[in-house]
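Please consider the following note alongside the model shown below.

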Amino acid sequence: GIELSDSKDEICILYEKSNIQESILKRGESEIKTREEEIRMLNIELSERQRELELIQKKAPEVPVIAQKVVSLKLELEQERSKVKELSEKVENPEANPGRIREIETYIPDQEFLDAKVHVLEERLNSKKEGLLEKELVLEEISNLSEKLRKQALDGRKGTLELAEKINEFRAKTTELQRKMLATVAEVSMFQATAMKLEQEKQGKEKILDEAKDRWGKGMPPTPECESEWQRMERQQAISAELRETMQRKAEQAKTQEVLGVKTTAKPRNTMYTSDITGLYECYGAKYSPFLPTTQGATMRHIRKPVPKDIEIQLVTHNIPVSYTHLTLPTSDLVQLPVVA
């Protein structure tokens with residue numbers, strides 16, 4: 001349980017680190033995109049400035065011609081201004097041009113007409129003022145309502161922003177919890193599989209133990225593998241004993257060589273043989289030279305062992321008609337025996 005909680009804490013820490021790294025990576029990518037956009041805009045502006053510079057450089061040879069045109073246009077402008085001034089003086093001063101004067105027929109209104117006209121204009125002015133006051137009141141109401149609506153919109157925008165932030169926070173929390181739940185479910189399933197496997201192994205071991213107890217009670221080895229293992233151990237012990245004997249023999253030979261003052265790495269040869277008469281070991285003399293039996297080669301597998309044949313032995317009798325007795329002996333025992341009646 002402690003290891004599981006520790007592993008859960010480590011997994012949570014790793015998830016938090018991964019989230020931090022992802023947020024840093026996203027911010028870095030956004031910054032890179034903004035910098036790339038700025039670089040693109042700067043490149044566009046640079047190309048535009050280079051294009052303008054090229055156009056100016058192309059127009060540089062035409063500058064003197066353009067300056068001459070500017071001077072000529074200024075002279076024409078001065079001439080036109082002088083003409084306009086003369087014409088405006090003629091228009092403004094009718095005495096200088098009596099042909100343009102035209103008298104207008106009119107009359108001087110009396111006081112009553114003027115009073116009536118003033119009264120009508122005052123009524124129109126009052127009506128306009130009333131309409132203006134009504135419109136001002138409507139404007140004030142509309143402005144108040146629009147201010148309220150603006151405040152509500154701002155408050156709603158703030159509320160929507162807060163709600164969006166809370167939704168994003170809850171969404172991030174839910175995704176984090178889902179990840180943790182998936183991780184814990186995977187760990188639980190892994191532990192369940194391990195527990196089932198260990199339970200199966202336990203049942204198998206208990207079954208093997210019961211069978212071994214039954215076989216031991218019957219006087220048999222606990223398991224067939226135990227017998228083979230015991231034989232293997234005995235073989236290993238025999239091999240180790242042989243190795244010890246060979247080591248002892250080699251040590252004795254080394255001691256004898258040190259005593260004799262002769263050291264050699266050659267394989268020792270047989271210096272004695274078994275007598276056919278006494279069956280005892282006898283040293284090689286003048287009759288038999290010492291030799292080392294050669295090892296059989298690989299071609300011996302192609303040679304069959306000799307099969308002994310049945311031999312017919314003839315028995316001869318003296319002064320008696322010859323009769324034959326048939327015996328079967330190996331080839332090495334072939335003899336001729338005289339039989340006397």
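Predicted model: local features only at pLDDT ≥ 70, side-chain atom pairs only at ≥ 80, totals over all residues.

1. Numbering runs from 1 along each chain as its sequence is written, and side-chain values use heavy atoms, without hydrogens and water.

2. Helices here are DSSP runs (H or I, at least four residues), numbered from the N terminus. Glycine 219, with a positive phi near 85 degrees, follows H3.

3. Glu176, Ala183, Glu187 and Ala212 of H3 are buried (under 20% relative accessible area; exposed is over 50% and partly exposed in between, with a 1.4 Å probe and protein chains only). The buried residues of H3 pack against helix H1 (2–59).

4. H1 and H3 pack at an angle of about 145 degrees, and their axes are 11 Å apart (lines fitted to C-alpha atoms over the stretch in contact, with angles from 0 to 180 degrees between N-to-C directions). Contact means heavy atoms within 4.5 Å; among the H1 residues that meet H3 are Leu4, Ile11 and Tyr15, and the H3 partners include Arg179, Thr184 and Phe191.

5. Cysteine 12 counts as partly exposed because its relative accessibility is 21%; cysteine 226, at 35%, also counts as partly exposed. The disulfide count is zero, a disulfide being a pair of cysteine sulfur atoms within 2.5 Å.

Terms used. Helix = DSSP H or I, 4+ residues; strand = E, 2+ residues; numbered from the N terminus.
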